[in-house]
Amino acid sequence: TWLLAALLAAFLVYLMYEQTAGKILPVLPRKRLCDYSVTGSVYEDISTALTRGVRFLEVHVYSDEQDNPVVATSPQTQGRDFADNNVSFEQVCIDIVNDAFPSKDPLILSIVPHTDKSVTLNKVAEHLETIPRAHLVAATHITDAPLDTFANKLLIVSGGVRGTALESLVNLSWDDDDLRRLSYQQALHPRDPDELKRFNRDFISLVAPDPTLHTITVNPKDPLAYGCQWNLFDRAGSPGFVEKLSRP
């Protein structure tokens with residue numbers, strides 16, 4: 001009948017609309033921060049890395065002749081607290097504000113201090129509190145917080161900064177029990193593999209280059225076997241946060 005034909009035609013039009021306009025599906029909340037892996041960058045131009053979609057940066061901070069914090073642009077000789085090739089930490093903060101946000105994902109900034117000068121580390125804190133201030137998170141022990149909690153935020157990771165102004169800005173520290181900083185060899189050959197897997201179920205391991213090794217044959221995927229989440233080796237990996245396929 002004409003009524004049935006009209007109803008069928010209306011239904012077909014609805015289906016076509018769904019296919020062309022797209023159905024707005026509910027956005028499901030993402031899991032905990034520790035349930036995601038992310039590849040990182042070190043000794044790379046900050047703007048270039050961010051343009052590639054990198055959401056995990058590590059900077060090695062030294063002190064210049066005026067005790068200002070600078071970031072090395074290449075590996076430096078060990079045992080020094082200055083860097084020949086560098087950019088200012090202030091410029092790093094400016095690049096982060098300009099190129100990292102807005103984003104549905106956080107940006108993780110790992111700060112490795114190569115100086116114990118309080119004045120230098122206090123200036124690091126001053127730049128963070130002045131330039132990317134709006135993106136800072138006043139929270140610690142955040143490994144079990146939902147990833148969406150940190151949309152458009154800057155998470156500060158560091159160690160060895162106790163007693164400085166930077167300490168209060170650090171969200172995760174490898175001086176505490178919920179973050180481990182491992183060399184590639186430590187992640188690949190842990191003393192207790194099962195213990196490392198258990199740790200990474202609820203906490204986070206950061207895998208970084210071993211400063212004593214100039215060359216190393218690296219399979220960047222190897223640390224994933226033990227659930228290590230933050231990887232500074234896999235520069236060709238997928239940008240952003242990737243949910244771990246399964247809990248180890």
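**The open sheet**

In what order do the 5 strands of the open sheet lie? In this predicted model, the order is β9-β10-β11-β1-β12, and the pairing is mixed. Strands here are DSSP runs of E with at least two residues, while helices are runs of H or I with at least four residues, both numbered from the N terminus. Two strands are said to pair if DSSP finds at least two bridges between them. The edge strands are β9 and β12 (241–243), each of which pairs on one side only. Strand β9 runs parallel to β10 (residues 204–208), and 5 bridges join them; L179 stands opposite I204 in β10.

**Basis of the model**

Residues are numbered from 1 along each chain as its sequence is written, and side-chain values use heavy atoms, with hydrogens and water left out. Because the model is predicted, local features need pLDDT of at least 70 and side-chain atom pairs count only at pLDDT 80 or more, whereas totals for chains, interfaces and linings use all residues.

**The chain as a whole**

The chain has 6 helices and 12 strands. Of its 248 residues, 44% are buried, that is, under 20% relative accessible area; exposed means over 50%, and partly exposed lies in between (1.4 Å probe, protein chains only). Contact means heavy atoms within 4.5 Å. Among contacts with a separation of 6 or more, 68% are between residues 24 or more positions apart.

Strand β6 (residues 107–113) is mostly covered, with 7 of its 7 residues buried. L107, L109, I111 and P113 point one way from the strand, and I108, S110 and V112 point the other way. In a regular strand the side chains alternate between the two faces of the sheet.

Strand β3 (residues 56–63) runs parallel to β6 and is joined to it by 6 bridges; H60 has V112 as its bridge partner in β6. Strand β7 (residues 154–158) is also parallel to β6, with 5 bridges between them, and V157 in β7 is the bridge partner of S110. Together with helix α4 (residues 118–130), β6 and β7 make a right-handed β-α-β unit. Right-handed means that, with the strands pointing away from the viewer, the path from the first strand over the helix to the second runs clockwise.

In helix α3 (residues 89–99), F89, V92, C93, D95 and I96 are buried. Seen down the helix axis, the buried residues fall within an arc of 160°, so they line one face of α3. This arc is that of the directions from the helix axis to the C-beta atoms.

A nonpolar core is a set of buried Ala, Val, Leu, Ile, Met, Phe, Trp, Tyr and Cys residues joined through side-chain atoms within 4.5 Å. The largest such core has 28 residues, of which F89, L109, I111 and L128 touch the most other members. At least two residues of this core come from each of α2 (46–51), β3, α3, β6, α4 and β7. A second, separate core of 24 residues includes F56, I108, L172 and W230.

**An exposed loop residue**

D177 is found in the loop between β8 (172–173) and β9 (179–183). D177 counts as exposed because its relative accessibility is 71%. Not counting residues up to four places away in sequence, D177 touches F199 and F203. D177 and F203 are 26 residues apart in sequence and 8.4 Å apart in space, C-alpha to C-alpha.
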